[in-house]
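Me: I am new to reading protein structures. Could you walk me through one, feature by feature?

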Amino acid sequence: MTSYIPYLWQRMQALHDRQPMSGHTPGHKNGLFLPKPLQKAWGSQFASYDYTELDGLDNLHFASDCIAQSQQQAAQIFGAGQCFYLVNGTTAGLQAAIMATCSNKQVFVPRHVHRSIYHSLLLAHAQPVYLPLELDTRTSLPLGISTDTLQQYIQQYPNCKNLILVNPTYQGITADNIACVQLAKDHGLTVIVDEAHGSHLHFHRDLPASLLDAGADLVVQSWHKTLPVMTQGSALLVHKQYQGPSPEPFLSLLQTTSPSYLLMASLEAGSIYMGQQVQAHIDQSLQVIFELHSRIANTLQTLHVLWEPEWKQDPFKLYLLSDRLSGANMDAYLRQHHAIYSEMHDNSGILFILPLQTSVSWAERLYQALLDLDRFSLQQQTTHQTQASFYCRTIPRQCYPLQEAFYREKQQLPWREATGAIAGQFILRYPPGIPLLVPGEMITREIVQLWLASGGTEDELVTVLAQ
Ligand SMILES: Cc1ncc(COP(=O)(O)O)c(C=O)c1O
């Protein structure tokens, strides 16, 4: 097994061994004055490592010592040329990548991107050229963009030299993404990837590929979503051959000047775990996960795993459909009766993110709960039709560019009166945080219907552009 060095953690540990007295930030003074309820629950140990930029601990914004070494090692582990630790989630990495490459330029944007990408487009003053999605006919879930669509748009917009991709989708679908990267690179495009849900993909041959390995230029991953890393911990990976503008100055602009050392130590430990141990864990987990798929298929009558080999899905995403219940009802039942909390649900189903170390006992607890849910579902008389999800098949009509609409005067209307108005806000459900409509686009009857079908009401207010 290759051994890696915890460059940052060993410096933090060495400082800790000195039992330092804190005359600096943060105010809890290495855990000495932590509020009592927190001290009772956490102990003081955790907070005693909550350091700031002390002698020997380097500085994320001017990394030249242990943080630089730690990031360089992480780059090597993930197969990148450079790695930047992010303490403000993937959001900060996407903002920096898009500001560095797309400032005042056109960029191809598929319509199933997370809202953080639209926020990045706003910050970068970029000019989005939206790409229509392939949607699954049964569930209406987004499958991504096809190479035919991309080819057609590349021909139609020869000046557009940037492409954003999402790999995988929230539901774990990667579909045509590798071919899209290859097509884009053949045409000289810079490819930026939101790989928030794909941090583990590089590490096992039986998983769909990370797009960094397929040649994408800037890939941003939420390590906190699938790796054993604390919330907000993400990374921006730069391809070894990328020669465009560096995202580094933008990261400095966007991220806090007080990055958490606990978070950075967690990123470092997570990267070392991925380099040293994860492959064996994924091997074992895949067996357990596919065994769970078979048990669900063979023993449950109303629940089905969404699994289509041609979609090249991530097995660590378990998306379940029911013949009888909506995703919301399944989710509520599992929470109330089994204290099992899913990642999200929508009209069609319910989504779980499985651990990279999915043990037999972990899978068994989930299976037993699903068995109970299945029995409960069988008692229900109604048949649940999977409904239109919250995604647009066609590109909505744009009345004002995003940038202009964002800053225009707004007013509020009840949804009942919204048909024909122009959106002044992002219209989305959270999760997955993917806008159906963005500021400047027309609210049609179809949009109102999708809003109501997704649980919205006619009395709720929507922000529109003032007339
Ligand atoms: C597809 C996708 N991209 C980006 C993000 C933003 O990531 P983060 O929460 O790490 O900032 C999310 C968060 O849910 C997401 O689902």
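This is a predicted model: local features need pLDDT of at least 70, side-chain atom pairs count only at pLDDT 80 or more; totals for chains, interfaces and linings use all residues.

Me: Where do I start, and how many helices and strands does the protein chain have?

Reply: Begin with the secondary structure: the protein chain has 15 helices and 15 strands. Then look at the overall size. The radius of gyration is 23 Å, close to the 23 Å that the globule rule gives for 467 residues, so the protein chain is as compact as a globular protein of that length. Along the principal axes, the C-alpha atoms fill a box of roughly 65 × 55 × 45 Å.

Me: What share of the residues counts as buried?

Reply: Of the 467 residues, 45% count as buried.

Me: How do I read a sheet?

Reply: Strands of a sheet pair through backbone hydrogen bonds, either parallel or antiparallel. In this model, 4 strands make an open sheet with antiparallel pairing, in the order S10-S11-S13-S12. Strands S10 (303–305) and S12 (344–345) stand at the edges with a single partner strand each, so one side of each has no neighbour in the sheet.

Me: Which residue stands opposite Val 305?

Reply: That is Leu 320, in S11. S10 and S11 (residues 317–322) are joined in the antiparallel sense over 3 bridges.

Me: And which residues come nearest to the ligand?

Reply: There are 14 residues around the ligand, and Gly 89, Thr 90, Thr 91, His 114 and Ala 196 come nearest. Helix H4 (residues 89–102) gives the largest share of this shell, 3 residues. Sorted by class, the shell holds 4 nonpolar, 9 polar and 1 charged residues.

Note on methods:
Residues are numbered from 1 along each chain as its sequence is written. A residue is near a molecule or strand if its C-beta atom, placed from the backbone, lies within 6 Å of it. Helices (H or I, at least four residues) and strands (E, at least two) are DSSP runs, numbered from the N terminus. Ala, Val, Leu, Ile, Met, Phe, Trp, Tyr, Cys and Pro count as nonpolar, Asp, Glu, Lys and Arg as charged, and the others, Gly among them, as polar. Two strands pair if DSSP finds at least two bridges between them. The radius of gyration is taken over C-alpha atoms; the globule rule is 2.2 Å times the number of residues to the power 0.38. A residue is buried if 20 or more other C-beta atoms lie within 10 Å of its own, exposed if 12 or fewer, and partly exposed in between; C-beta atoms are placed from the backbone.
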